[in-house]
Amino acid sequence: MMNSKEKSYIKMLGLSLVIFLVGISGIIFSSLFLNGIKLKMLPEFISSLALLLGGILVIYVVKEKSGSSFKDFCPKVKLDITIIVMLLSIFESYLGLTIFFSDLVDEKPDSLGLVSLILQIISSVIIFPVAEELIFRYGMLTILFKGAERKLGVLFSILISSSFWTLIHFPTNWSRVGQLILAGCVLGYIYYKSKNIIYCIIYHVVSNTSLYYAVYRMRIILGKKYLLYIYLIGFLVSFISFVIKNNNRRLKQNG
């Protein structure tokens, strides 16, 4: 028999699944009914808007179920932590590319028209990051953390959120799965430690911008293996700096 805490956590898992389905319903609709559109990237752009609508609905769900308003998860952003988060995002992006995407060195990016290129940049660099963070970090993790009272529960919650987040990217190989799980866990940890969704959005926007640029610089990035060690060192230094800075900030608030 499950005790009350276990039942509560199972209930939170169920609610997080509902949040996931609400969030991706727009993507499913777009993929089913908009693929016939001739203009490249327009279905993806519409999907991003639908996902953003799902993210807005999630704000309401979290408010109703947790009793917390969206403002509670948007405290004042600190410049030093923001810079560290941005550096961490850049190093994680390129580290993921170097480790998981070495087989893409000979691939060339698709050529897009100006309108499609603009739509791709807006959806990939702005709308998708905001929408995904609202759903998978603010939505799912807020609900899951509410039911996770032990460290194992917190780690398990982050893995669940990262797994669902990975699924909506429809990864086609295990390398892509690994890169997404890594990024998702880092984002989940940032949200857990900072309780500030803005840092996650900043991280995601910077990460997608870095990856977007990297696609067009793939040969240079992957052609110099020593960059792997630079990215790894930069990632570790940035991550440790984030932990130290965030802990110091909390100590000051509590003191």
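The questions below go from the whole fold to single residues.

Reply: This is a predicted model, where local features need pLDDT of at least 70, side-chain atom pairs count only at pLDDT 80 or more, and totals for chains, interfaces and linings use all residues. Residues are numbered from 1 along each chain as its sequence is written, and side-chain values use heavy atoms, with hydrogens and water left out.

Me: How many helices does the secondary structure of the protein come to?
Reply: Helices (H or I, at least four residues) and strands (E, at least two) are DSSP runs, numbered from the N terminus. The protein has zero strands. Its helix count is nine.

Me: Is Leu52 buried, exposed or partly exposed?
Reply: Buried means under 20% relative accessible area, exposed over 50%, and partly exposed in between (1.4 Å probe, protein chains only). Leu52 lies in helix α2, residues 42–66. Its relative accessible area is 24%, so Leu52 is partly exposed.

Me: Which residues does Leu52 touch, not counting residues up to four places away in sequence?
Reply: Contact means heavy atoms within 4.5 Å. By that rule, the partners of Leu52 beyond four places in sequence are Ile127, Val130, Ala131 and Leu134.

Me: What separates the C-alpha atoms of Leu52 and Phe128?
Reply: Along the chain, Leu52 and Phe128 are 76 residues apart.

Me: Where is Ile126 found?
Reply: Ile126 has 47% relative accessibility, so it counts as partly exposed. Its helix spans residues 114–147. That is helix α4.
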